[in-house]
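Reader: Hi! Could you walk me through this model?
Author: Happy to, here it is.

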Amino acid sequence: MVSMSKETSSLRDAVAQWVRPEIRALSAYHVPDATGLVKLDAMENPYHWPEDMVEEWIELLKTAELNRYPDPAATALREQLRQNMQVPDGAEIILGNGSDELIQIILMTLAGKERVVLAPEPGFVMYSMIASFTDMRYVGVPLKADFCLDLEAMLAAIEQHRPAVVFLAYPNNPTGNLFERDSIDRIIAASPGIVVVDEAYHAFADSSYMADIMVHDKLLVMRTVSKMGLAGLRLGLLAGKPEWLNEFDKLRLPYNINVLTQLSARFALQNQTVLDAQTARIKKDRSELFDALKQIPGLQVYPSQANFILFRTPAGKATELFEKLCQAGILIKNLDKAGGQLRDCLRVTVGTGEQNSQFIRALKQLM
Ligand SMILES: *Cc1c(COP(=O)(O)O)cnc(C)c1O
């Protein structure tokens, strides 16, 4: 017994000695178990492909050479993405294993002890998480009460902290709104480092910065296929001037986009009309879900340009509602625990029409 506890404590000591303190202080990103639940928590597209398209995809997969390393440059897929995403001529793109990996590549490239990552808050948690991984300092600048950018506060923080990178999610997650273009333009002009406009939800929004990347030297646009219905493939892209992209590419692991993803994503993008039809459906259902939520007394519902809707419950009720929805078989996202401006807030992903009705029925019953 004595020797066992000695070993245990020496193991603990070794972990404490060698694991970087900022990593020990983190808690791992938690993904809740959704088995058996209607899953409306993670901004997934709820639709599958038509049967004949699935058959065609399986035929294509039969040609996959799993014994070979993938094309390190993913040339064919990159060409397809340039077309579908309307990447301007003269711009360069690199691909990531999800845009999460691209955030990691950007920060590894820019990292340094006193270097700052800046983003509005509430925002996407990966910016601050990966800033900790890369030993950078993260500065969050609060949004206004209506979740618009606080331009004065942003400009003051940029002046004070001289960030290496500013991340702007456009539309923003978890609030769902598009920030005002005037404010973004002022932020780009004032930033000493790069500005990454994260367009994870571009498919559901009416505005984009993709066409602007050749106009501004320090503007980069990031996208992902995850929210378009391909979350399982893990594929994101970063577009910008070659001078930046060539540097980022040095940190990309050579085979980061696997054979199955290269084949499947290209195939899906060649069938963009199917994806577009799903997106149109989700946008229509988003507006119906928004109206239905607005009709429930006591809720404050925020307009969304993404495939999810944020709403505020009566004070102190969010966590209870979240848990009761779970018991009723429906998983959404509880943001109440994050506190601050998200106190009493819940976020629901737009599902199929039937899933949305189920959610609204359950919520009405609980309110
Ligand atoms: C979902 C999301 C991402 C991550 O996308 P992946 O490509 O799946 O890694 C990036 N940014 C924002 C704002 C998101 O909501």
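We'll start with the ligand site and then turn to a sheet.

Author: First, this is a predicted model, where local features need pLDDT of at least 70, side-chain atom pairs count only at pLDDT 80 or more, and totals for chains, interfaces and linings use all residues. Residues are numbered from 1 along each chain as its sequence is written, and side-chain values use heavy atoms, with hydrogens and water left out.

Reader: Thanks! Which residues come nearest to the ligand?
Author: Asp198, Tyr201, Thr224, Ser226 and Lys227 come nearest, out of 13 residues around the ligand. Being near takes a heavy atom within 4 Å.

Reader: And how far is a side-chain N or O atom of Thr224 from an oxygen atom of the ligand?
Author: That distance is 2.5 Å for Thr224, while for Lys227 an N or O atom of the side chain is 3.2 Å from a ligand oxygen. A polar side-chain atom of Asn173 lies 2.9 Å from an oxygen atom of the ligand.

Reader: How much of the ligand does the protein bury?
Author: The protein buries 94% of the 380 Å² that the ligand exposes when taken alone (Shrake-Rupley areas with a 1.4 Å probe).

Reader: Switching topic, in what order do the strands of the open sheet come?
Author: The order is E9-E10-E13-E12, with antiparallel pairing. Strands are DSSP runs of E with at least two residues, numbered from the N terminus, and two of them pair if DSSP finds at least two bridges between them.

Reader: Which strands stand at the edges?
Author: Strands E9 (300-301) and E12 (333-334) do; each has a single partner strand, so one side of each is left without a neighbour in the sheet.

Reader: What joins E12 to E13?
Author: Two bridges join E12 to E13 (residues 345-349), and these strands run antiparallel. Asn334 has Leu346 in E13 as its bridge partner.

Conventions:
A polar contact is a pair of N or O atoms within 3.5 Å; within protein, one must be able to donate a hydrogen and the other to accept it, and residues adjacent in sequence count only if both atoms are side-chain atoms. Helices (H or I, at least four residues) and strands (E, at least two) are DSSP runs, numbered from the N terminus.
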